[in-house]
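Look through the chain from one end to the other before reading on.

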Amino acid sequence: MFRRRADREFREAQRASQTLLKMHTNWPAPDFASPAPESAPTSPLVEEVPDFLPPDLRLPSRQEVEGLMMRWEQPLVIDGEVRECPQCGAYRDWIVFSMRDDTIWLRCRSGHSTAEPRLDPAWYNRNSGPVDQWHPTLNDGLRHLGH
């Protein structure tokens, strides 16, 4: 009894896939014999690193916020070296800020802040998750992140 129903559903799925296949085989074949139209000369190829976040997770306007922050608990390795705080020597448990002027700042557990010119907003976007909470003040954000 159940076998017949399964067989019927299988045959219906086969017919539907054959119908789709026929639709796609009726398309005209591309003409590879004719050359493609000449385009304007291009400049030398420059490799661009795309922004990691998809458009629906990006902020609609950079003027709406002063900056973004995330917690970075493990040692921060930049260009093969472990980044240390210049004041106290801490090398882990950072708060990373991506500011509106496209600069990245680091803050250690002791509260020392320093700019990091080797990082950029694209690095921040690749390593942070989506914005999940807004904070009215810097101290509220730091408290939320455990600093």
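**A walk through the model**

Helix α3 covers residues 138–144 and holds both aspartate 140 and arginine 143, which are three residues apart, about one turn of the helix. These two residues form a salt bridge, and their closest N and O atoms are 2.5 Å apart. Arginine 143, at 56%, is exposed because its value is over 50%.

The model is a predicted one. Its protein chain contains three helices and six strands. Read from the N terminus, the order of these elements is α-β-β-β-β-β-β-α-α. The chain has 147 residues, and 20% of them are buried. Its accessible surface is about 11700 Å², and carbon and sulfur atoms account for 54% of that area. Among contacts with a separation of 6 or more, 52% are between residues 24 or more positions apart.

Next comes the sheet. Four strands build an open sheet, in the order β1-β4-β5-β6, with antiparallel pairing. Strands β1 (67–72) and β6 (113–115) are at the edges; each has a single partner strand, so one side of each has no neighbour in the sheet. From one strand to the next, the twist averages 25°. Within this sheet, β5 (residues 104–107) pairs with β6 through three bridges, in the antiparallel sense. Here tryptophan 105 is placed opposite alanine 115 of β6.

How many salt bridges does the structure hold? There are seven. One of them joins arginine 118 to glutamate 81, with 3.5 Å between the closest N and O atoms. Arginine 118 is in the loop between β6 and α2 (121–127), while glutamate 81 is in strand β3 (residues 81–82), so this pair ties together parts of the chain that are 37 residues apart in sequence. Both partners fall in the middle class of accessibility: arginine 118 is partly exposed at 38%, and glutamate 81 is partly exposed at 41%.

Another salt bridge is formed by arginine 109 and aspartate 93, whose closest N and O atoms are 2.9 Å apart. This pair also links distant parts of the chain, 16 residues apart: arginine 109 is in the loop between β5 and β6, and aspartate 93 is in the loop between β3 and β4 (94–99). Is aspartate 93 buried or exposed? Aspartate 93 has a relative accessible area of 14%, and it is buried because that value is under 20%. Arginine 109, with a relative accessible area of 44%, is partly exposed.

Which residues make the nonpolar surface patch of about 270 Å²? The patch is made by Val77, Val82 and Tyr91. Valine 77 sits in strand β2 (residues 77–78). With a relative accessibility of 53%, valine 77 counts as exposed, because the value is over 50%.

How values were computed. Residues numbered from 1 in each chain as written. Predicted model: local features only at pLDDT ≥ 70, side-chain atom pairs only at ≥ 80, totals over all residues. Heavy atoms only, no water. Helix = DSSP H or I, 4+ residues; strand = E, 2+ residues; numbered from the N terminus. Buried < 20%, exposed > 50% of the residue type's maximum accessible area, 1.4 Å probe, protein only. Contact = heavy atoms within 4.5 Å. Areas by Shrake-Rupley, 256 points an atom, 1.4 Å probe, with all protein chains shown as cover. Pairing = 2+ DSSP bridges. Axes fitted to C-alpha atoms, helices over the stretch in contact; angles between N-to-C directions. Patch = residues over 30% accessible without salt bridge, like charges linked within 9 Å, V, L, I, M, F, W, Y side chains within 5 Å. Salt bridge = Lys/Arg side-chain N within 4 Å of Asp/Glu carboxyl O.
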